[in-house]
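User: I have a model open and want to go through how its parts pack. Can you take my questions as they come?

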Amino acid sequence: MVVATEEMAVYCFDTLVAHFTGDQPPPPAFEDGNHPLFVTWKKATNGSEPRLRGCIGTLEPRQIVSGFKDYALTSALRDRRFPPIQSKELPTLECTVSIQTDYETAEGYLDWEVGKHGLIIEFTDPEYNTRHSATYLPEVASHEGWGHMETIDTLMKKAGYHGAVTESLRKKLRVTRYQSTLYTMHYGEYVAYVKKNRGAAPTINVVPVVNGFKPGH
C-alpha cells in the first residue's frame, strides 16, 4: 500500500516556492502511481494552533506526481474560501499531504470510526429533488471534536443542503468510508531538508529564509 511521505510534502513546498521564484521545482524524490490525494496548507503564527489556509484534492485516482504539483498550487492559491497564499507567509506554513485508501460502502451513517475514516455522503434533497454530495477527510471529525451525528449533520450542510436534517433523511444517506495516510511538514523542516540534501536553503526574492528568519532581521 502506498503511504504519504516526507518527499511528497517536500515536493509540494518545492512547487509553491518555485511558483514565487519563477523557477521549475526539482524533480520529485518519490515514485509515481495513481491514487486519490489531497494537499492541505495551514498557517501557524506566534505558537498558535495552525489555521487552515487551503485544502483541495481529488477522490478519483490520478497520477500522484502531477497531482501533488497541481493541488499544491490549487490549494494554496485557488481555494475560494481563502485569499491566495503570499510568499511572505511561507515561514508560517505547514503542509499535509494525504493519500486516500480502503474505500468501503458503509452499512449506515453511523458505520465508521472517528479519527480513522473519512466520509463521502450522497443524498437527494427531499423537497427540491436535487442531488448533493460532500466529503470530510479522516482527521476532520477528531480535530473538531465532533461525534458521529455532528459530523454527518455538518457534512450535509457542506454539501449545500439547507433544509431540515431529520433521522429519516440521515438513514437515506449513501455513505462511503475511506482511510488516509498522512505526512505533515512545517516550513522550518522543509528548509532543514533542503539544506541537508541540496546544500543550501531555499531562496525567496533572492534572500535566503532560514528557519523563518532572514539574515540581519
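User: Which residues in H1 meet H6?
Analyst: This is a predicted model. In it, Glu6, Glu7, Val10, Phe13, Asp14 and Val17 are the H1 residues in contact with H6. On the H6 side they meet Tyr187, Tyr190, Tyr193 and Arg198.

User: What does H6 lie across?
Analyst: Strands S3 (93–105) and S6 (174–186). H6 runs at about 60 degrees to S6.

User: Switching to the sheet. What's the strand order?
Analyst: S2-S1-S3-S6-S4-S5, an open sheet of six strands with antiparallel pairing. From one strand to the next, the twist averages 25 degrees.

User: Which strands stand at the edges?
Analyst: S2 (51–63) and S5 (131–136). Each has a single partner strand, so one side of each has no neighbour in the sheet.

User: How many bridges between S4 and S5?
Analyst: Six, in the antiparallel sense, with S4 covering residues 118–124. Within this part of the sheet, leucine 119 is opposite tyrosine 136 of S5.

User: Which helix lies across those two?
Analyst: H4 (residues 148–158) lies across S4 and S5, and its direction is at about 125 degrees to S5.

User: Now the largest nonpolar core. Which members touch the most others?
Analyst: Met8, Cys12, Phe13, Trp41, Phe68, Val97 and Tyr190, out of 35 residues in that core.

User: Which elements give two or more residues to this core?
Analyst: H1, S1 (34–43), H2 (64–77), S3 and H6. H1 gives the most, with eight residues.

User: What does phenylalanine 68 touch?
Analyst: Leaving out residues up to four places away in sequence, phenylalanine 68 touches Met8, Tyr11, Cys12, Phe30, Leu37, Phe38, Val39, Val97, Ser98 and Ile99.

User: And what lies apart from that core?
Analyst: Another core, of 18 residues, which include Tyr109, Trp146, Tyr161 and Val175.

How values were computed. Residues are numbered from 1 along each chain as its sequence is written. This is a predicted model: local features need pLDDT of at least 70, side-chain atom pairs count only at pLDDT 80 or more; totals for chains, interfaces and linings use all residues. Side-chain values use heavy atoms; hydrogens and water are left out. Contact means heavy atoms within 4.5 Å. Helices (H or I, at least four residues) and strands (E, at least two) are DSSP runs, numbered from the N terminus. Two strands pair if DSSP finds at least two bridges between them. Axes are lines fitted to C-alpha atoms, for helices over the stretch in contact, and angles run from 0 to 180 degrees between N-to-C directions. A nonpolar core is a set of buried Ala, Val, Leu, Ile, Met, Phe, Trp, Tyr and Cys residues joined through side-chain atoms within 4.5 Å. Buried means under 20% relative accessible area, exposed over 50%, partly exposed in between (1.4 Å probe, protein chains only).
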